[in-house]
There are 2 protein chains.
Amino acid sequence: MSNLYKQDTQVNRNQRNQLHGHNSFVVWFTGLSGSGKSTIAATLQVKLYDMKINTYMLDGDNIRLGLNSDLDFSETGRKENIRRIAEVAKLFTDAGSVTLCSFISPYIEEREKAKSIVSPENFLEVYVKCNLEECEKRDVKGLYERARKGEIKNFTGIDSPYEEPENPDIEIDTADLSVEESVELILNKIKSRL
Amino acid sequence: MSNLYKQDTQVNRNQRNQLHGHNSFVVWFTGLSGSGKSTIAATLQVKLYDMKINTYMLDGDNIRLGLNSDLDFSETGRKENIRRIAEVAKLFTDAGSVTLCSFISPYIEEREKAKSIVSPENFLEVYVKCNLEECEKRDVKGLYERARKGEIKNFTGIDSPYEEPENPDIEIDTADLSVEESVELILNKIKSRL
């Protein structure tokens, strides 16, 4: 790609952070389907909005319906899914947003890749922990039932693995904590970075 | 994809526009390599920044080095390139940014598709017109010379077509207008939408 040059856009991230009055970074939520990732991220977003923080939420479901609608749920599809999301999250961080990414993102390798694409100093990993039994009991969208029946293939926790984070920046067990408690915990951790 | 649901993120575009104090939309610059698209878009971005407008610029070169680094310059690659950019521009519009997209985007069909992905009411097409002779004379990056030598294949204007916009929202002839004049012209057109 020698005929490509990185353009100096003349308005940089520092200037945008100055305009918004806060720093920008990625908060990456990982965990099983039904663990509460998106609920916690969405509630955090409302709190941040009330603090006049510029945020954006990238969500597995929303991204899958648009940018990544061409990808399947095979291992290859999941890897490309995470790669593209990380590239987009990097752009949003550059644009000055506190970028909330909520994805099952089951593989350690892919989360590490996402971190490296965004850049480690701008990436916080939040492990939304919840045991499979509890997630399956909740089954908000009825997906576990369909996965057990074999109607959905490659479903994380059922016939596709979930690799737990070894050293997440924040770990939340939603079998014990409420949404509000979880959000407060994250907010306390990220306040100093804003 | 029946196991996907569009999440209500609880902070919507209207709220973000309210936080920023202005509306969000896409300004899509199309034109030959060397026509001045990126220079004009970047200069416009500085002006908007000075007005405290929340902006972000998506640029062919930058996007090609990240999100779309897996795509080539074949017709299929170019189409997928534009599709993904439009999906990302849609996200930035949702996030509340005036999103400046600067891409050769040579095919009418693809630009129409981009407009439809973003949604027509949020999409302004700016045709940065400049005749091939002038672009080739400028040849800032030496790309035309290399394309003429056959070192770069599928180069728009040389061995790949450019389809002029039939009814752009704004048309600028950079063979006649300076960068400053071009930016003023665009700024006057978009002011009422901010």
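In what order do the five strands of the open sheet in chain A lie, and is the pairing parallel or antiparallel? I looked this up before anything else. The model is predicted. The order is S2-S3-S1-S4-S5 in chain A, and the pairing is parallel.

I checked the edges next. Strand S2 (55-59) and strand S5 (170-173) of chain A are the edge strands. Each of them pairs on one side only.

**Entry: S2 and S3, chain A**

How many bridges join S2(A) to strand S3 of chain A? I found five bridges between S2(A) and S3 (residues 98-102), and the two strands run parallel. As a reminder to myself, strands of a sheet pair through backbone hydrogen bonds. I noted one opposite pair: Leu58(A) faces Cys101(A) in S3(A).

Which helix packs on the sheet? I found helix H4 (residues 75-94) of chain A there. H4 touches strand S1 (26-30), S2 and S3 of chain A. The direction of H4 makes about 160° with that of S3(A).

**Entry: H4, chain B**

I turned to helix H4 (residues 75-94) of chain B for its length. H4(B) has 20 residues. From first C-alpha to last, H4(B) reaches 29 Å, close to the 28 Å expected at 1.5 Å a residue. I also looked at what comes after H4(B). Gly96(B) follows the helix, and its phi is positive, near 100°.

**Entry: H2 against H8, chain A**

At what angle do H2 and H8 of chain A cross? The axes of helix H2 (residues 37-50) and helix H8 (residues 179-190) of chain A cross at roughly 60° and come within 9 Å. H2(A) and H8(A) are therefore oblique to each other. I read the crossing as right-handed. On the H2(A) side, the contact uses Thr39(A), Ile40(A), Thr43(A), Leu44(A) and Lys47(A). On the H8(A) side, I listed Val179(A), Ser182(A), Val183(A), Ile186(A) and Leu187(A). By class, this contact has six nonpolar, three polar and one charged residues.

**Entry: H2 against H8, chain B**

Helix H2 (residues 37-50) and helix H8 (residues 179-190) of chain B pack at about 60°, with axes 9 Å apart. H2(B) and H8(B) are therefore oblique. Is the crossing of H2(B) and H8(B) left-handed or right-handed? H2(B) passes H8(B) in a right-handed crossing. The contact of H2(B) with H8(B) has six nonpolar, three polar and one charged residues.

How values were computed. Residues are numbered from 1 along each chain as its sequence is written. Chains are lettered from A and ligands numbered from 1 in the order in which they are written. This is a predicted model: local features need pLDDT of at least 70, side-chain atom pairs count only at pLDDT 80 or more; totals for chains, interfaces and linings use all residues. Axes are lines fitted to C-alpha atoms, for helices over the stretch in contact, and angles run from 0 to 180 degrees between N-to-C directions. Helices (H or I, at least four residues) and strands (E, at least two) are DSSP runs, numbered from the N terminus. Angles under 35 degrees count as roughly parallel, over 145 as roughly antiparallel, 65 to 115 as roughly perpendicular and the rest as oblique. A crossing is left-handed if the near helix is turned anticlockwise from the far one by less than a right angle, and right-handed if clockwise. Ala, Val, Leu, Ile, Met, Phe, Trp, Tyr, Cys and Pro count as nonpolar, Asp, Glu, Lys and Arg as charged, and the others, Gly among them, as polar. Two strands pair if DSSP finds at least two bridges between them. Two residues are in contact if their C-beta atoms, placed from the backbone, lie within 7 Å. The expected span of a helix is 1.5 Å times one less than its number of residues.
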